[in-house]
Amino acid sequence: MPLLKRLTEHDRPAVPFTLDGQVASGLLGDTLLTAVLTQAEHLRGSDFSAQPRAGFCLMGACQDCWVRLGDGRRVRACATLLEADAVVDREPGRQP
């Protein structure tokens, strides 16, 4: 079940992307953080425990929202805008 649910603002154009190999959709102007959390229950696993994380500061300072793009770049989801046909892979974090 997604962590975030849109209550309003459904009139922006849809932007297709791939999340962990699955077809997903966000809205034009969404950050990767918003797009992922409207599709999934967490953003990534913690680097320390693999516990689910959803981002923390939401402004690019805390380093808690890293995701990997299809081209190999690692970016902060809170500070990166969703682009059409982006490939986003959530990092599982440290495995026990």
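Mentor: Five strands form an open sheet in the order β2-β1-β7-β5-β6, and the pairing is mixed. The edge strands are β2 and β6 (74-76), each of which pairs on one side only. From one strand to the next, the twist averages 40°. The model is a predicted one, where local features need pLDDT of at least 70 and side-chain atom pairs count only at pLDDT 80 or more, while totals for chains, interfaces and linings use all residues. Residues are numbered from 1 along each chain as its sequence is written, and side-chain values use heavy atoms, with hydrogens and water left out.

Trainee: What counts as a strand, and when do two of them pair?

Mentor: Strands are DSSP runs of E with at least two residues, and helices are runs of H or I with at least four, numbered from the N terminus. Two strands pair if DSSP finds at least two bridges between them.

Trainee: How many bridges join β1 to β2?

Mentor: Six bridges join β1 to β2 (residues 22-27), and these strands run antiparallel. Within β2, Val-23 is the bridge partner of Thr-18. On the β7 side, β1 is joined by three bridges to β7 (residues 86-90), and that pair runs parallel. There, Phe-17 stands opposite Ala-86, and Leu-19 stands opposite Val-88.

Trainee: Which residues of β1 are on its covered face?

Mentor: In β1 (residues 14-19), the covered face carries Val-15, Phe-17 and Leu-19, whereas Ala-14, Pro-16 and Thr-18 are on the uncovered one. In a regular strand the side chains alternate between the two faces of the sheet.

Trainee: And how does β5 pair with β6 and β7?

Mentor: Three bridges join β5 to β6, which run antiparallel, and β5 and β7 also pair in the antiparallel sense over three bridges.

Trainee: Which residues have a positive phi although they are not glycines?

Mentor: Asp-20 has a positive phi of about 50° without being a glycine, and it is found in the loop between β1 and β2, a hairpin with two residues between the strands. Gln-63, also not a glycine, has a positive phi of about 70°, and is found in the loop between β4 (52-53) and β5 (66-69).

Trainee: How accessible are Asp-20 and Gln-63?

Mentor: Asp-20 is partly exposed at a relative accessible area of 33%, and Gln-63 counts as partly exposed at 36%. With a 1.4 Å probe and protein chains only, buried means under 20% relative accessible area, exposed means over 50%, and partly exposed lies in between.

Trainee: Changing topic, is Arg-44 buried or exposed?

Mentor: Arg-44 is in strand β3 (residues 44-45), and it counts as buried because its relative accessible area is 1%.

Trainee: What is Arg-44 in contact with?

Mentor: Leaving aside its neighbours within four places in sequence, Arg-44 is in contact (heavy atoms within 4.5 Å) with residues including Trp-66, Arg-74 and Glu-91. Its side chain also makes a polar contact with the side chain of Asp-47, at 2.8 Å. A polar contact is a pair of N or O atoms within 3.5 Å; within protein, one must be able to donate a hydrogen and the other to accept it, and residues adjacent in sequence count only if both atoms are side-chain atoms.

Methods: Axes are lines fitted to C-alpha atoms, for helices over the stretch in contact, and angles run from 0 to 180 degrees between N-to-C directions.
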